[in-house]
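Subject: A structure for you to look at

Dear colleague,

I am passing on a structure that I would like you to open before reading further. Please keep it in view while you go through my notes.

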Amino acid sequence: MSIKIDATERLLNLVIALLGTRRGYSKSYLRENINGYVDSSSSAEERARANASFERMFERDKKILLDLGIPIRQSEVQGNDTYDQVLYRINPDEYRVPAVRLDESAMTLLSIAANLWAEASLGAAAQSALRKIATRAGTSWYEDQRTSQSRIRTAEPSFEPLWAALRNHHPVTFSYRRTGATESANRTVQPLGLGNKYGQWYLAAFDVQKSQERNFRLSRITSDVEVHIQENFERPHNFSISNVLARLGTGTTHTAEVAVPVGSANWLRSRAGTEIISDSPWAKDGWDVLHISFREPELMADDVAAMGAQGLVLAPPEFREAVARRLQGAAKAAAVTPIRLDAKAVLASSPAKKKDSRDRLIRLLSMVPYLVANPGVTEAEVLSEFGISARDWSKDQDTLNVTGLPGYFHGDLMDVSTETGQVFIRDAETLSAPLRLTQEEACSVLVGLQALTAIANTGEEQALKRAIDSVSAVAGPDAWLANVVGLHLVSGTEIETIATLQRAIDNSRACTISYLVRTRDEVSKRVIEPRRLFSMDSLWYVRAWCRQAQELRSFRVDHIKELVEGDAQEHAVGDTVSWDSSNGIYHPNSNDIAIDLLTDVATAQRLSPAYNATIYAVSTAGGPGEDTDEVSDLVGLRLLVGDTAMLAPLMARLGGHARVAAPETVRLAAAAWLAGAAANYDAVGENTPAPPSQGR
């Protein structure tokens, strides 16, 4: 029978053997010489079972390698003896990343593009692609140290299965709650593309039931995604997700009438196209009626709901109902008896991706050329580069030391040794060139580079084009993925503000701004000294020294209403202002308050990275008035906030999918705010809006 060894070791031995032969090896040779296939059966019955087992194992191994993009070639069959006559080999020229020529500026942009995914599921793939390209370019890659940085997250639970279905051309089925609906319906679709705009992920797909192309917002998918892996469809060759993203927000213009107190709702009044209706039939002292226009009803309904009792939708009925549904759902959730969090039971922010021999094989095939190209690298750097523990590294080192060319004698096996904390590898020439980019790797860097074209300055345009052309050549047949996954990093209305802030950073100038503080509904004048620009899911912020507050603050770019470049910067805070994207957009301080929320699992997974929050299980002990059945469907979310006034508007946006649990004073305040807002819409006919509440 075969010698029982680790599957990754067997796969690695197979790759090395097939790369190390010019003529090729037969199945008989591989079975008799590759560790993990070697057969020591004695009886005829044992040999028969071993033959069947080997055939299954070999076919499974071939599929794993082919799925990784490793091209296994086989010779033509001569006669009937396919077992010994068919020869298998891997052409080194087809296996390795082609030689790449990229200068420092292009490599820097490539690093920035890869780091776009630092908080997303494609983050590891992007860093692996960066490592491979840098190795073939004969240069180290450059840190993302620009004063402008962007990050995109893939917190939606449905992203991973949709991404897998998209790249493998499999149909999917899921439950979806369309705009304005309260119930979900099943959809079977053929995924065509995934795109991020307005900080939301959208799926462009062919709807099988409706026989037309439709767009689906991932946050409205209410079930697990079922991937039909036994089915395939032929995708249209001319599809481009950039065209889909360009159309979002450019469709039918919707209008509404919203009553607001005089002097309030500054964000709504300052929007393009907003007008005060002077002759509205609805009138109340101290109130204005605003006529507003918008293209995305769902996103606008979120914003108006977040106004609470300070905004009352008068028309049209469907928009009024959308806002009322959010407020009433949030108010109902807030009125439920609180449930305790189990502070000891910390849960993962997202389902852990199951690691298998495929993932480890990818790592080892990437690790060998990295060690060859960086002799003497420290163990700490290896652990950091590949995101592994000391235990993982020990296991990887053991595997590498027992793999090599068939024969497995001295000089055939790789030799990985550690000397005074430095790592050296010998006899690894067969794997010294990095494996071609996987689909995930090709997609991540190409999509990142394409997204940068929207925010690149004039001096970067040529370097960006060189990087895109070079990576497209490296990606080869997988370059098509850059047309089906897209990121919309910035809207046209913010481009000029971002450009002005970037000039101020480059020239060390201060800026005078008019800034809207949404939680207080006030516009204030400030003088800031901009130091760094960053975005998270298409929301842009500037990190700056505020002369008024005498400290570093983060300001949302879309809340800057006026911007004038001023005098020279005065306050020295070092050469750069760092931003750790893993901490989200908020910078904790000693005055922050710990808040506990109760949410459903999907909402917790979306909110956790945005607020750098921790997810907990909830107590199932069952106190007075607690519904233990409900507990099983909820998790706790603990976050720090500087201003508790933002919590009630956030709950309104979530429409009942989350509620404040503690502290009690904050919970009661949020519940009262939501109850007052929802009361404006209770038990009122379509044509008779309720009078606005005077409470705040």
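The notes below cover a sheet and the helices around it.

Please bear in mind that this is a predicted model, in which local features need pLDDT of at least 70 and side-chain atom pairs count only at pLDDT 80 or more, while totals for chains, interfaces and linings use all residues. Residues are numbered from 1 along each chain as its sequence is written, and side-chain values use heavy atoms, with hydrogens and water left out.

Helices (H or I, at least four residues) and strands (E, at least two) are DSSP runs, numbered from the N terminus. Three strands make an open, antiparallel sheet in the order E14-E16-E15, where two strands pair if DSSP finds at least two bridges between them. Strand E14 (377-378) and strand E15 (415-419) are the edge strands, each pairing on one side only. Two bridges join E14 to strand E16 (residues 422-426), and Thr378 has Gln422 in E16 as its bridge partner.

Helix H13 (residues 357-373) packs on this sheet and touches E14 and E16, contact meaning heavy atoms within 4.5 Å. The direction of H13 makes about 105° with that of E16; axes are lines fitted to C-alpha atoms, for helices over the stretch in contact, and angles run from 0 to 180 degrees between N-to-C directions. Helix H15 (residues 390-401) lies across E15 and E16, at about 135° to E15.

In H7, Ser128, Arg131 and Thr135 meet Ser366, Pro369, Tyr370 and Ala373 of H13.

Best wishes
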